[in-house]
Amino acid sequence: MSEGGNKRSNMPKGFKFNLYWVYGIIALFLIGLSFMGESPRGKEISYNEIGDLVKSKAIQKINVITNKNEAEITILPEKIAEVYGKDSASMVRNPVLMLQIPSADQFTEDLKEWKKEYGNDDIKITYESESDYIGNFLWGVGPIILLIFFWVFMMRRMSGTGGAGGVFSVGQSKAKLFDKGSAENKVTFKDVAGLSEAKEEVQEIVHFLKNPKKYTELGGKIPKGALLVGPPGTGKTLLAKAVAGEAEVPFFSMSGSDFVEMFVGVGASRVRDLFRQAKEKSPCIVFIDEIDAVGRARGRNLNTGSNDERENTLNQLLTEMDGFGSNSGVIILAATNRADVLDKALLRPGRFDRQIMVDLPDVHDRQAIFNVHLRSVKIDESVNVEFLARQTPGFSGADIANVCNEAALIAARKNKMFVQKQDFLDAVDRIIGGLEKKNTILTRAEKESTAYHEAGHATVSWMLRYANPLIKVTIVPRGRALGAAWYLPEERQHVTSSHLLDDICATLGGRAAEELIYGEVSTGALNDLENTTKKAYAMIVYYGFSDKLKNLSYYDSSGRSDYAFSKPYSEETSKLIDEEVKVLINEQYERAKSILSENMDGLRQLASILIEKEVIFAEDVERIFGKRPWISRAEELNAESEQVKENSESSVSSENQENKANDETKDESVVEAENVKIEEKDHENGSI
């Protein structure tokens, strides 16, 4: 085994056999045969010159090729110099002249007349018909061979498989195998920041594969499958890569869409082949990414009369995961962000015993993720990772990676040696709001209207207790927006009706400011109206925040209403919902107008500063309206962190003082002990 492994390792890594090489060699061989089969041609002469050759008696023999209307004239050796002249030296080996004739009969009659006229009867004449065997073969069999090659090529492309399998490898699994010690995957659990609970769940599976006796001795059984569920970009696939890097067992990886094919029965065949390979490599792990592509609930297809290839694939997957066949030693890992559409039979214990939630990271997890992605980024002292984590609420791990990359690109665009804090803030603005449009031309009226609109948002949110804390306001166009107000939303697990109402009121503050200042409104509040309408309907229909529809929710968490043709409530209830939404939005709109009317001077000052500077921060708003009387959660966290920092510094200083005092007392005790020893020694000397 070791010798074979050494032979494989000595082979050049870049060498890979390809069947198309054989096709090329065959084509070159046939082309070579076609050139080799042709006889060398001599010098060509005109039909009028043949009489002179008969007169000079230079012709030895003539070979007439009847099917080509050609004649090969062989010259006598002693007449070569006379006929060829300067080219006689090169024509000694093949003293042949080529002549195009009208026809064999006409040439024979003319030759008889020339022989009779010049008295030359020594010329021998022969007649033959040449056959091009290679040409006939290529024209007869070549099209058939080309059709066969084209058919094989198309079937290989349709099957999506390479190698020598051809059309017979359509039903084989496309899973990529990461074997023990594979250098292709170097991701470990150290590279996965945050996700502490999810990592514990997955690490337990890895530990079970490494040390199964620890669990089986107590009667435990290995979980057959684990499903990673969470929003996009939270690290589900990265967690699976870490499992492949940590587990010392074979790891099969493939996507759910790899099972689906245009041929009937291919998906089920690939499932069988995948589990056959997995059982041969047992114990091992099989990872199926985006399993919702093949694991959707059955019976959802409206074409009930047709055969559904996806359902056949799902049935085979259900059978392989927990059927009569033995499946010991094979653990299934799967990832999806659409767990609500998966079939219930796939989610039951015995197939996927565990559902591991991979949620969006909180502030501590975001700080850990930033530390991972900042390893390769050159940053200076102005970058505070804790500050960046607080400035990116709701960001996933993929979003944070994008922030770090965008910040590095922005710093490089500005020819900086290091990535600074402002570069990260610009990157966050770039991701949330879009690219800054510096060439967008705005009229004076449009700029003022945008400034009052954004100042209205800032003013109302500053005066509301449960509105999100303001970071900055800008009227620089980004994406499709002419201006924007940036907030730092608090990370809450539960949201009360007061929070939602204040949020709706702050969102409507821009439109209310336009109406108060100009007496009319513009189309700039389209996005605001869309958001408030959705939130208002969610409060009435889902959360039961209405007095007339109290404690009622029409939300369907099971996801079974994909093809529902009727609402879960009557027409009267639908009218009532519409009325409640209108009342709720109108109340908050009037509330926003009332707040702005009471703070009209501050609104105008804020808008004028915004027109002048184009960007204002929370400090500017605080300078106009004063400090907010309510402490936000973010401010509480800042205060707590500062308090912890002060406590730690004070504890360190107190410890240093105690250590210093201990050292002083220790020094005094040492001096006293030495003095006692000296007195005892003097006493002994005196007694002696």
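Helices (H or I, at least four residues) and strands (E, at least two) are DSSP runs, numbered from the N terminus. The model shown is predicted: local features need pLDDT of at least 70 and side-chain atom pairs count only at pLDDT 80 or more, whereas totals for chains, interfaces and linings use all residues. Residues are numbered from 1 along each chain as its sequence is written, and side-chain values use heavy atoms, with hydrogens and water left out.

**View 1. An open sheet of 5 strands with mixed pairing.** The strand order is β1-β4-β3-β2-β5, where two strands pair if DSSP finds at least two bridges between them. Because β1 (43-45) and β5 (124-128) stand at the edges with a single partner strand each, one side of each is left without a neighbour in the sheet. From one strand to the next, the twist averages 25°; axes are lines fitted to C-alpha atoms, for helices over the stretch in contact, and angles run from 0 to 180 degrees between N-to-C directions. Strand β2 (residues 59-65) runs parallel to β5, and 5 bridges join the two. K61 has K124 in β5 as its bridge partner.

**View 2. Helix α5 (residues 104-118) on the strands.** This helix lies across β2, β4 (96-100) and β5, and runs at about 160° to β2.

**View 3. The buried residues of helix α18 (residues 497-507).** These are H499, L500, D502, I504, C505, A506 and T507; buried means under 20% relative accessible area, exposed over 50%, and partly exposed in between (1.4 Å probe, protein chains only). They pack against α17 (444-463), α19 (509-518), α20 (526-542) and α21 (571-598), contact meaning heavy atoms within 4.5 Å.

**View 4. The salt bridge between E614 and K447.** A salt bridge is a side-chain nitrogen of Lys or Arg within 4 Å of a carboxyl oxygen of Asp or Glu, and the count by this rule is 18. The closest N and O atoms of E614 and K447 are 3.4 Å apart. E614 lies in the loop between α22 (600-613) and β14 (615-617), and K447 in helix α17, 167 residues apart. E614 is partly exposed at 31% relative accessibility, and K447 is partly exposed at 23%.

**View 5. The salt bridge between E515 and K593.** E515 lies in helix α19 and K593 in helix α21, so the pair ties together parts 78 residues apart in sequence. E515 is partly exposed, at 28%, while K593 is buried, at 16%.
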